[in-house]
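Colleague: I would like to learn how to read helix packing from a model. Could we work through one case?

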Amino acid sequence: MPIQKFSVLPIVIAIAAGTLLPGAASYAAKHPASKPASHKKAAPGAPAPALLAAQTALAGNAPALPAKAWLLMDYDSGEVLAAANADEPLPPASLTKMMTSYIVEQALRSGKLKPTDLVTVSQNAWCRGSSTESCMYLPLNSQATVIDILRGIIIQSGNDASKAIAEHMGGTEDNFAKQMNAEAKRLGMVHTQYMNATGLPDPQHKSSARDLAVLARAIIHDSVDYYPIYAEREFKYNGIKQGNRNALLYTDPTVDGLKTGHTEEAGYCLVTSSKRNDMRLISVILNTNSAQARADQTRALLGWGFSNFEKVTPIQPNAVVTTAKVSFGKADTVAAGLGAPWLLTVPRGQQVQTAVELTPGLEAPVAKGAVIGKVVATSNGKPVGETPLVAQADVERAGFLLRTWQHIAKLFGK
């Protein structure tokens, strides 16, 4: 049909040229490079505690713990493996100091603070010592280095150390609490409100099991240089040696943190991290009735987690997962694979299936490492994780004539 050919083709070419001129929008060109992404023991014969409200678990036979709230999280993925009352805001007691120490650690990492910087102990920060609070026993008007203050917060749970650094960094403890709340918001701790740097009782001072696990995960990930302090069993300062109150550090070599807490209102609390082989789990126990109880319940929770879950690698990082079609490039396709190793934590023995979802309408140029889709993993029909798919090579944009021809072919469905 020559008449139709000569009447339509110039129009098509004009449209194509206008669309493909330099500066035309390109979906693929806007894709940035990927950033590959543990109560007292029940007496023999005592009935098992009833399940708490809102208790959930990804595997069977989860322990029924009498703590007011508890949670077990996989460190790598952030997946909650089991929990009860995970989002109920409760008094966190000295678990508060995890945020205090985290802020100090990040200031050390950024250079805002130096380990040898001196911190002055004000009248307000000074701890007289009593059976109702824990202290580092910093002398009044004395000075201590930031790194000693950090150890005093983490190991000795010093209220004086926490107040002193809060005043040093924020001017006042109230101002520092504002920094704590800003950091909590940044981390996604949506059920947390800090009123002070210590965890001393305040009606508005609350956090949840889930939020505290999120914070623990951030400390482990972001404070690599300072995280080993959380495993130290004792610290001596001003001639006074005090032991870490986390009993599991003395009985379980896989435990390397994090923090204990106790007030009358909050009960006995414990956030713990344990790593066995290639799996790290974070446990949170809130408001139980003794130091022994928080340790026993943590052991039970960690034991259940390590016994019932395993790490799997659904796809090897160097494998080509699929090929993606590319429009207007010097190549028609590009290989897609994982940008980083992918580990999932799933119930032992469960099979994992994967499905590929590619970015629709992918156009050149495509940079090696750019995200061009994702792989979604499921087990027993439920999603258990996902990871980005990235381009394994560069695809340059085709020249004008080739792009014009490809556009025409696309219009006519060829």
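Colleague: At what angle do α2 and helix α5 pack, and how far apart are their axes?

Modeller: Bear in mind that this is a predicted model. Helix α2 and helix α5 (residues 173–187) pack at an angle of about 90°, with 10 Å between their axes. Angles of 65 to 115 degrees count as roughly perpendicular. The two helices, α2 and α5, are therefore roughly perpendicular to each other.

Colleague: Which residues of α2 and α5 make the contact?

Modeller: From α2 come M99, T100, Y102 and I103. Helix α5 supplies F176, Q179, M180, E183, A184, R186 and L187. By class, the contact of α2 with α5 divides into 7 nonpolar, 2 polar and 2 charged residues.

Colleague: Now the other pair. At what angle do helix α2 and helix α3 pack?

Modeller: Helix α2 covers residues 97–110 and helix α3 covers residues 146–154. Their packing angle is about 155°, and their axes are 10 Å apart. An angle over 145 degrees counts as roughly antiparallel, which makes α2 roughly antiparallel to α3.

Colleague: What is the handedness of the crossing where α2 passes α3?

Modeller: The crossing of α2 and α3 is left-handed. On the α2 side the contact is made by K97, T100, S101, V104, E105 and L108. On the α3 side the residues are V146, L150, I153 and I154. The contact of α2 with α3 has 6 nonpolar, 2 polar and 2 charged residues.

Colleague: Last, the whole protein. How many helices and strands does the protein have, and what percentage of its residues is buried?

Modeller: The protein has 9 helices and 17 strands. It has 414 residues, and buried ones make up 48% of them. Its accessible surface comes to about 19600 Å², with 55% belonging to carbon and sulfur atoms.

Definitions and conventions: Residues numbered from 1 in each chain as written. Predicted model: local features only at pLDDT ≥ 70, side-chain atom pairs only at ≥ 80, totals over all residues. Heavy atoms only, no water. Axes fitted to C-alpha atoms, helices over the stretch in contact; angles between N-to-C directions. Helix = DSSP H or I, 4+ residues; strand = E, 2+ residues; numbered from the N terminus. Parallel < 35°, antiparallel > 145°, perpendicular 65-115°, else oblique. Left-handed = near helix turned anticlockwise from the far one by under 90°. Contact = heavy atoms within 4.5 Å. Nonpolar A, V, L, I, M, F, W, Y, C, P; charged D, E, K, R; others polar. Buried < 20%, exposed > 50% of the residue type's maximum accessible area, 1.4 Å probe, protein only. Areas by Shrake-Rupley, 256 points an atom, 1.4 Å probe, with all protein chains shown as cover.
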